[in-house]
Amino acid sequence: MTQQPLGKSIVIWTMVALVLIVLSAPTIVVLGASFTSGNIIQFPPQGFSLQWYAKIALADDLRSAFVRSLAVALICTLISIPVGTLAGIALSKYAIKFERTLQIYLLLPFTIPLIGSGIGLMLLFGEMRILGQIWPVGLACCVINLPFMIWAVMASSASLDPDLELAAANCGAGPISTFFNVTIPGVMPGIISGSLLMFILALNEFLVSLLLTDARTVTLPVQIYNSIRSIITPDLAAISVVFIVCATLVIALLDRLVGLDIFLKSK
Amino acid sequence: MRTYRKAYPLGWRIMDGIEAAVAAVWPRRLSGAVPYVMVLPAVLLVLLLVIGMVQIADQSARVLDTSTFMPSADYRSANYEQIFNSGLYWSILWRSLLGSVIVTVLCLVFAFPYSYLMVRTPSALLRKFLLIALFLPFFIGQVVRAYGWLIILGNQGVVNEVLGLVGVPPMRLLYNYPAVLFGLVQYMIPFAVLMLAPALTAIPEEIESAASSLGANWWRSFVHVVLPMAKPGLIGAGLVVLTLSLTDFAMPAILGGGSQDFIANAIYDQFFRTSDQGMGAALTIILVGIGSLVVGIVFSIFGAGTLAMGRDRK
């Protein structure tokens, strides 16, 4: 941006500043509210204390809900890595018949509304008698976010020079060793960014969890939602900070392992 | 001696074994099928959704018998008729559609300068800051963000307390339509920016310089050069925001407080409050129909934009 006109800079910066405030306000306020020493959430906050963190550390229901959320996110990520990687590589490397149809089909998780996917899976899992367990929730989270994983791998795969694989074959590597020694390392940035995305989205998944869990298998976002409806207390703010910490960790990992700029690259 | 033994390490021998085994069960002449085998697991996973939708379609044609509380065994269209004849569902539908269009327009307007600055700034530090400010709320989840807004906008919330300091009486900022739309815009902006940014990256900066050296001021070069070239990104971002906000559940439920239901909330209530599965299923089918219609119209007019998943055709 060399010597931008003043009017343009003012317009852009005003709008960006507004967006920044609106984006960050809930995070900052939740963080602030979690450290209050009062019994209700007030502004300006009353003093500083860690009492609400001490309280949630002792709350078994919240802790086990968080552990279940972690399990859901882990299952979702473990399923999505092989499935999304194979599909992403296949879609970007090979000319497939009915490619357009397949594209539209694989975008179904995004075009079918979440409430529809959730209720459909609820009916299906109910018929299969697997409701009330954790792993179907992870599977469901994987299905609804799968296009993210495929996109991430495809973006890496498209920038991979096909000559590299030919060179490996030329040096005597069979198709399997070429795949594991050349193709997979080549698309690794996509696999890493895709699986981190899948993990954090599953950890936060609310609506599908709400539909697929019961009182014994409730995940943390659903637990928070259920408590919001009755009364707003600062312990909810403290437990919400767990999500802020997880999000920060994932962002730091993304930045360290692949660089956040990966999301700005054009396909 | 040592170099000789290392020349063909164990790992290679194992790899050779795997190669031989795979070649035995998967002869070379079948290699044309490899890409299809690779996409198969993804196709099967998505099939779960398709089966689920078939189940919903089946349910939607079964009418609840109010005397026995059992769904009817045969197919009837009464659920759909009831929805089309009821003013309640039309108003919910209208509220959702209007809301999602407003949210989409606002999101695109505000996401554009954000992505533009993020893509074009020469400062790596500013770019990283903007990315982190974007990803943090994106990764925190809807419920926590809505909870934050409850604290900010509530009757004893931050905004009302600050207004109180300058003598403005407390206002009801929550549980109304603007609150839901506001929450949705905040929820959707990261999606919009992330869909827009790659499209803006693809626009060479030189083209803008060329426009301005030919005498266009920044507004003209924005309207006539940048905006048309960003079209694929705008379509992708617009579609994602439109469909996600049309079908959203959490924001209307939490920030609307039950008085500002969108279609998804009506569906949930039918399944879990009224326990009329058929009615809820019929509503779901209508929502899926509207969603697909919107996506189909946009795709056929503008193309798939940045949503395309195929290879780049060179």
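Predicted model: local features only at pLDDT ≥ 70, side-chain atom pairs only at ≥ 80, totals over all residues.
Two residues are taken to be in contact when their C-beta atoms, placed from the backbone, lie within 7 Å.

Chain B is divided into domain 1, residues 1-60, and domain 2, residues 86-307. The C-alpha centres of these two domains of chain B lie 39 Å apart. Contact between them involves five residues of domain 1 of chain B and seven residues of domain 2 of chain B. On the domain 1 side of chain B, the residues that touch domain 2 of chain B comprise three nonpolar and two polar ones, with no charged residue.

The meeting of the two chains comes next. Here 84 residues of chain B are in contact with 83 residues of chain A. Helix α3 of chain B, residues 34-60, supplies the largest share of the chain B side, with 15 residues. By class, the chain B side that touches chain A holds 60 nonpolar, 17 polar and seven charged residues.

One contact of α3(B) can be followed in detail. Helix α6 of chain A, residues 114-127, packs with α3(B) at an angle of about 85°, and the two axes are 8 Å apart. Because angles of 65 to 115 degrees count as roughly perpendicular, α6(A) is described as roughly perpendicular to α3(B). From α6(A), the contact draws on A:Gly116, A:Ser117, A:Ile119, A:Gly120, A:Leu121, A:Leu123 and A:Leu124. From α3(B), the partners are B:Leu48, B:Leu49, B:Ile51, B:Gly52, B:Met53, B:Gln55, B:Ile56 and B:Gln59. Taken together, the residues of this contact between α6(A) and α3(B) divide into nine nonpolar and six polar, and no charged residue takes part. As a reminder for reading such lists, an α-helix has 3.6 residues a turn, so residues three or four places apart point the same way.

At 1.5 Å a residue, the 34 residues of α5(B) should span 50 Å, and the end C-alpha atoms are 49 Å apart, which agrees.

As for chain A as a whole, its secondary structure comes to 12 helices and zero strands. Along its principal axes, the C-alpha trace of chain A spans about 70 × 65 × 30 Å.

How values were computed. Residues numbered from 1 in each chain as written. Chains lettered and ligands numbered in written order. Domains from an automatic or database assignment. Nonpolar A, V, L, I, M, F, W, Y, C, P; charged D, E, K, R; others polar. Helix = DSSP H or I, 4+ residues; strand = E, 2+ residues; numbered from the N terminus. Expected span 1.5 Å × (residues − 1). Axes fitted to C-alpha atoms, helices over the stretch in contact; angles between N-to-C directions. Parallel < 35°, antiparallel > 145°, perpendicular 65-115°, else oblique.
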